[in-house]
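I opened a structure that was new to me and kept notes as I went. Here is what I looked up, entry by entry.

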Amino acid sequence: MAQRRYVLDEDAIPTQWYNLAADLPSLPPPPLHPGTGQPIGPDDLAPLFPMALILQEVSTERWIPIPEPVRAAYAMWRPTPLHRALGLERELGTSCRIFYKYEGVSPAGSHKPNTSIPQAFFNREEGVRRLATETGAGQWGSALALACALFGMECKVYMVRASYDQKPYRRVMIETWGGACVPSPSADTASGRAILEASPDSTGSLGIAISEAVEDAATRDDTRYSLGSVLNHVLLHQTVIGQEARRQLEDAGAAPDVVVGCVGGGSNFSGLAFPFLAEKIAGRDVRVIAAEPAACPTLTRGHYGYDFGDTAELTPLVAMHSLGHGFVPPAIHSGGLRYHGMAPLVSHLVKEGLVEPRAYHQRECFAEAVRFARVEGIVPAPEPSHAIRAVVEEVERAREEGVERTILFNLCGHGHFDMGAYDDFLSGQMEDYELPQADLDRAAEAMAGLPTP
Ligand SMILES: Cc1ncc(COP(=O)(O)O)c(C=O)c1O
């Protein structure tokens, strides 16, 4: 019988995070201070982040040690299993080998605690008692609430209004772990109040929720800000995924020809792909694919330039693919993929041709998620259904070319809180959104006066 799961012991939890910046042929342009237009320094970030994380953000050291209390917390669910998708291979009638790393076994149901735990830990070490953050679908907010509970901290979550209304159980999960959760835009911040005044029925966006959380942290001494994606240190923390996967693939006697992840801000993709990108940079032939929604096509149709990470222009300017910081994406069900920007490192990799971006509509993704659930058992979160769609496309391509490939993807979360979305799909109510070029042009105008990298 072919082996279906590759499982590691607790002592195989990585002891270091892998920093791709050490191996990149060139580094992305630095973040800029919006006032001076000059590169920002550690002091500019100090009101928002603890120094340990700021140093990780700018580090070019290849390996960064994982503190023992973080590894001990990781041991609640790590190492995560690597699955061979035997059911999907059979269903597709392919001789390609498909593997997936399953991050849905974490307490919060996704890859997000890989970074919420170290973020809470490093903040607590520097005496911070409260963290403020935003959340889209609620995955990140619940992961941070969990981490704050473990390290005895308070947690305030600004949750995008559309998801707050659509997904009440993520809010309840946040509250179960002791966090406070308000719909964004909220009346708790000046940026939230300004938006509510202009549009009282605003359904919110990640950009707006980030403005609120940044403002909360910047205006309170006891509070720092925590971000669930995009930043270098977040991507760094996620590399436990790819490191474990490499070892598990070795156990399976396999090496991937293609590595696939979905991208919202870029963290689960990077966590899986960075250790394999190191191999690619060293000369191994491996293709790396980033799958995004066609309704929020940051990498495939966005503009590469400096932009703000948030709507209210409170963050530094970062060089990235962006749809413009005023862009409010259509209300697709992959809440975690509705972000106007992208991790600067991922944007840089796309620009350098090391990563191929692809965009898919939500109905074709849900069709694959349902097929996957019926042959693999696990009900995927809507976000990684984009990765599954890309995998199926790669299988078709291998068939056309008459080759057998080994494909690895990140199943970065389960969809147990997304039954409303599955219901919409199964009952034929789900719609795709075709973004007219004029909408994208208008959104990108917001970047017109900003510096160019
Ligand atoms: C399950 C899941 N996958 C993917 C994402 C997208 O984020 P990232 O690109 O940082 O992995 C999210 C974000 O909330 C998520 O909850």
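**Entry 1: the ligand**

I started with the side chain of His111, where an N or O atom sits 3.0 Å from an oxygen atom of the ligand. A reminder to myself: this is a predicted model, and I read every value below as computed from it.

Next I checked Lys112. An N or O atom in its side chain is 3.3 Å from a ligand oxygen. Then I turned to the backbone: a polar backbone atom of Gly264 lies 2.7 Å from an oxygen atom of the ligand. How much of the ligand's accessible area does the protein cover? I found 97% of the 390 Å² that the ligand has on its own.

I also wanted the neighbours. The ligand is surrounded by 16 residues, and Gly264 turns up again among the closest, together with Ser229, Gly266, Ser267 and Asn268.

Which peptide bonds are cis? I noted one from Arg78 to Pro79, with omega near -10 degrees. I placed Pro79 in the loop that runs between helix H3 (68-74) and strand E4 (82-84).

I noted another cis peptide bond between Ser184 and Pro185, where omega is about 10 degrees. Pro185 belongs to the loop between strand E8 (180-184) and helix H9 (190-198).

Then I looked at Val230. It is not a glycine, yet its phi is positive, at about 70 degrees. I found Val230 in a loop as well, between strand E9 (223-225) and helix H11 (232-237).

At what angle do the axes of H16 and H17 cross? I got roughly 85 degrees for helix H16 (residues 362-376) and helix H17 (residues 385-401), with the axes coming within 8 Å. Angles of 65 to 115 degrees count as roughly perpendicular, so H16 is roughly perpendicular to H17.

I listed who makes the contact. H16 brings Glu364, Cys365, Phe366, Glu368, Ala369, Arg371 and Phe372, and H17 brings Ser385, His386, Ile388, Arg389 and Val392. I sorted the residues of this H16 and H17 contact by type and got six nonpolar, two polar and four charged.

Notes
Residues are numbered from 1 along each chain as its sequence is written. This is a predicted model: local features need pLDDT of at least 70, side-chain atom pairs count only at pLDDT 80 or more; totals for chains, interfaces and linings use all residues. Side-chain values use heavy atoms; hydrogens and water are left out. Axes are lines fitted to C-alpha atoms, for helices over the stretch in contact, and angles run from 0 to 180 degrees between N-to-C directions. Helices (H or I, at least four residues) and strands (E, at least two) are DSSP runs, numbered from the N terminus. Angles under 35 degrees count as roughly parallel, over 145 as roughly antiparallel, 65 to 115 as roughly perpendicular and the rest as oblique. Contact means heavy atoms within 4.5 Å. Ala, Val, Leu, Ile, Met, Phe, Trp, Tyr, Cys and Pro count as nonpolar, Asp, Glu, Lys and Arg as charged, and the others, Gly among them, as polar. A residue is near a molecule or strand if one of its heavy atoms lies within 4 Å of it. A polar contact is a pair of N or O atoms within 3.5 Å; within protein, one must be able to donate a hydrogen and the other to accept it, and residues adjacent in sequence count only if both atoms are side-chain atoms. Accessible areas come from the Shrake-Rupley method with a 1.4 Å probe; for residues, only the protein chains shown count as cover.
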